[in-house]
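The structure goes in first.

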Amino acid sequence: MFILDIPSEIKALTEEAASEYTLNQLKAVSKEITRQYKEESGKGKILVSDTVYAAVYSVVRMPATFGAVYSALYHTAECVEMNGQMNLLDVGAGTGSGVFAAAELFELSEVTCLERAECMRNLGKQLTESFRGALPQTRWIDADLRSGLSQNADIVLSSYVLNEMTEKDRMTAVRELWSHTDKLLLIVEPGTPEAFSQLLRIKKELSTLGAEIAAPCSFSGNCPLEENDWCHFTVRVQRSRLHRMIKEADVPYEDEKYSYMAFVKGGAVKKGSRILRHPVVGKGNIRLELCTADGRKTVTVTKRDRELFRSARKAQCGDLFADC
C-alpha cells in the first residue's frame with residue numbers, strides 16, 4: 001500500500017483558504033458534501049458550487065485524490081515509456097489534485113485544466129499559481145466534457161469525473177477523451193463495484209477504437225474476476241490536524257480505495273502480473289492473487305525460490321510481479 005502525503009506547500013495553501021470559516025461551518029459543509037456525493041452522483045449536477053465548499057473539498061478530498069492519481073500514474077509509468085517533456089490536459093480538474101500528482105512523476109511542459117465549477121476553478125488557479133514546485137504555468141478554462149474538448153495532450157487525465165455522469169454522457173465523454181489523447185489516457189474512479197463496472201464498459205468501448213490498456217490489466221480478454229468481485233487498490237494518505245478536526249477523525253490517516261484504467265495510443269506496453277490483493281504471508285510462504293496474461297491466478301511463493309520470495313516479501317497490492 002502506498003503511503004503518501006500531499007506536498008506540504010499545497011496543504012498550507014488549502015488550510016489558509018479554509019481559515020476564513022469557523023470549524024462548525026467547515027464540519028457542516030463536509031457532511032453536506034458527503035451526502036451529495038452519496039445521493040446525487042451520476043445525475044450530472046455540479047456538486048461543489050460555493051467558495052466554502054471548495055475550501056472544505058481542498059482540505060478533506062485533495063489529499064486522497066492526489067494519492068489515488070499519483071499511485072495510478074506511478075503504476076502506469078512502470079508499463080509505458082513516458083520520457084521527456086509532456087503536456088497535460090486535466091479534465092474536471094477540481095482544485096488541481098491530479099496536476100500536482102503528475103508534476104511529481106513527469107516533466108510537464110504545459111498544463112491545461114478544465115473545470116466547470118467556478119469556485120473549484122478559482123481555488124485551483126490560486127493553488128497552481130502560488131505553488132513553487134516543478135509546475136509550468138497552468139491554464140484554467142471554464143469548460144467540461146459536455147461542451148467538447150478543443151485541444152490534444154500527451155497525457156489526458158480524468159479523475160473522479162465520469163462516475164458523476166449519466167451512462168449516456170459518460171460514453172460520449174470517453175470517446176471525446178480518447179480522440180484528444182496523443183499518448184496516454186488515465187481514468188481514475190472510486191474503488192467501488194459500480195465504478196469498476198463503469199470502467200469495464202469504458203474498456204470495451206475504447207478497445208473498439210484501437211486503445212490498448214496499459215494498466216492495471218495484464219489479461220487482454222474479458223475481465224477474469226467473478227461478477228461479485230471488483231478490481232480496486234488502496235492508498236494511505238496522511239490527514240492534517242485540520243482534516244481530522246473537520247472529519248472528527250481519531251486516526252492521522254485515511255485509506256482511499258480507487259479503481260483506474262490507463263490506455264495508450266501508439267506506444268509499447270510492458271506487462272507483468274498485477275497483484276490484486278494484499279499478499280497473504282504464511283510460515284515460509286507468501287500467497288499472491290494475480291492478474292496474469294493467462295487470467296487470474298493464485299500463486300504461492302516459498303523460500304525455496306529465494307529470488308522470487310524476496311520480491312514477494314516487498315510486494316504490495318497493485319504492484320507488478322514477475323510473470324508466473
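**Ground rules.** The model is predicted, so I kept the cut-offs in view: local features need pLDDT of at least 70, side-chain atom pairs count only at pLDDT 80 or more, and totals for chains, interfaces and linings use all residues. Residues are numbered from 1 along each chain as its sequence is written, and side-chain values use heavy atoms, with hydrogens and water left out.

**Overall build.** I found 10 helices and 14 strands in the protein chain. Both are DSSP runs, numbered from the N terminus: helices are H or I with at least four residues, strands are E with at least two. I then checked the radius of gyration, taken over C-alpha atoms, against the globule rule of 2.2 Å times the number of residues to the power 0.38. The protein chain has 20 Å, which agrees with the value near 20 Å for a compact globule of 324 residues. Along the principal axes, the C-alpha atoms fill a box of roughly 60 × 45 × 40 Å.

I looked up contacts next, meaning heavy atoms within 4.5 Å. Among contacts with a separation of 6 or more, 74% join residues 24 or more positions apart. The accessible surface is about 15000 Å², and carbon and sulfur atoms hold 46% of that surface. Areas come from the Shrake-Rupley method with a 1.4 Å probe; for residues, only the protein chains shown count as cover.

**Burial.** I took buried as under 20% relative accessible area, exposed as over 50%, and partly exposed as in between (1.4 Å probe, protein chains only). By that cut-off, 53% of the 324 residues are buried. Among the buried residues of α3 are Tyr-53, Tyr-57, Ser-58 and Val-59.

**Cavities.** Rolling a probe the size of a water molecule over the atoms shows where empty space is left. On a 1 Å grid over the protein atoms alone, a cavity is a set of points where a 1.4 Å probe fits but cannot get out; a pocket is an open set with protein on both sides within 12 Å along at least five of seven lines; lining residues have an atom within 4 Å of a point. Points are joined across faces, edges and corners, and a volume is the space filled by probe spheres set on them.

I found four cavities of 30 Å³ or more in the whole structure. The largest cavity has about 140 Å³. It has 17 lining residues, and the closest to its centre are Phe-196, Cys-217, Cys-223, Cys-231 and Cys-291. α8 (193-207) and β9 (253-264) each supply at least two lining residues, and α8 gives the most, with four. What classes make up this lining? It has 15 nonpolar residues, one polar and one charged. Ala, Val, Leu, Ile, Met, Phe, Trp, Tyr, Cys and Pro count as nonpolar, Asp, Glu, Lys and Arg as charged, and the others, Gly among them, as polar.

The second largest cavity holds about 70 Å³. Of its 13 lining residues, Ile-6, Lys-11, Thr-14, Val-59 and Pro-63 lie nearest its centre. α1 gives the most to this lining, with four residues. The classes are five nonpolar, five polar and three charged.

**Pocket.** I also noted the second largest pocket, at about 310 Å³. α8 gives the most to its lining, with five residues.
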